[in-house]
Amino acid sequence: MTGSEFRALGRFTLVGTTGFVIDAGILTLLAQGLGLNIYVARIFSFAGAVLATWSLNRAFVFTAKAAVRSRATTATELVHYLVVQSGGAVVNLALFAGQIMVWPMLRDYPVVPLAVASVLALIVNFIGMRLWVFGGVRKRSESA
């Protein structure tokens with residue numbers, strides 16, 4: 001991993017941490033504060049975190065020259081981001097649900113399985129973002 005890739009991974013992790021805080025906050029509010037089913041609450045918390053992290057990753061992690069960025073439409077980029085995040089979500093939600101199934105007491109502390117699942121899904125998401133969502137934009141901008 002090069003120095004620039006390592007720095008990008010660091011920024012990606014910071015953005016992911018921000019997304020985790022948003023995700024955990026919404027999950028806690030809906031599941032524990034409002035009594036919503038934990039899995040339904042998780043859908044809403046995931047959606048809020050995805051929108052926030054897309055915006056932050058676009059601005060701070062996978063940056064490109066303005067002229068290059070304008071060629072990749074925002075809508076297309078968001079769709080690609082949602083596809084990659086959905087793959088990460090499958091990993092995340094499977095690990096989240098699996099931990100609750102194995103250790104039912106975690107239902108009372110949903111942020112614990114959320115944290116474990118989020119760390120592992122971060123790897124899936126970074127690879128997808130780097131190679132597909134923002135990778136093509138970065139490569140074109142580096143050759144310009």
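The axes of helix 1 and helix 5 come within 10 Å and cross at roughly 140°. Axes here are lines fitted to C-alpha atoms, for helices over the stretch in contact, and angles run from 0 to 180 degrees between N-to-C directions. Helix 1 and helix 5 are therefore oblique to each other; angles under 35 degrees count as roughly parallel, over 145 as roughly antiparallel, 65 to 115 as roughly perpendicular and the rest as oblique. The crossing is right-handed, a term for a near helix turned clockwise from the far one by less than a right angle, with anticlockwise giving left-handed. On the helix 1 side, the residues in contact include Leu9, Phe12, Phe20 and Leu27. Helix 5 contributes, among others, Leu114, Leu122, Phe126 and Met129. Contact means heavy atoms within 4.5 Å.

The model is predicted: local features need pLDDT of at least 70, side-chain atom pairs count only at pLDDT 80 or more, and totals for chains, interfaces and linings use all residues. Residues are numbered from 1 along each chain as its sequence is written, and side-chain values use heavy atoms, with hydrogens and water left out.

Helix 4 and helix 5 pack with their axes 8 Å apart, at an angle of about 155°. That makes helix 4 roughly antiparallel to helix 5. Helix 4 also passes helix 5 in a right-handed crossing.

What do the elements look like along the chain? From the N terminus on, they run α-α-α-α-α-α. The protein has 6 helices and 0 strands; helices (H or I, at least four residues) and strands (E, at least two) are DSSP runs, numbered from the N terminus. Residues 24 or more positions apart account for 72% of the contacts with a separation of 6 or more.

Next, the interior. Of the 144 residues, 36% count as buried (under 20% relative accessible area, with exposed over 50% and partly exposed in between; 1.4 Å probe, protein chains only). The largest nonpolar core has 13 residues. Such a core is a set of buried Ala, Val, Leu, Ile, Met, Phe, Trp, Tyr and Cys residues joined through side-chain atoms within 4.5 Å. Phe12, Val61, Tyr81 and Met129 are among its members with the most contacts inside it. Helix 1 (3-33), helix 2 (38-61), helix 4 (74-102) and helix 5 (111-133) each supply at least two residues of this core. A second, separate core of 11 residues includes Leu27, Leu30, Ile38 and Ala41.

Phe12 touches Asn57, Val61, Phe62, Leu122, Asn125, Phe126 and Met129, leaving aside residues up to four places away in sequence.
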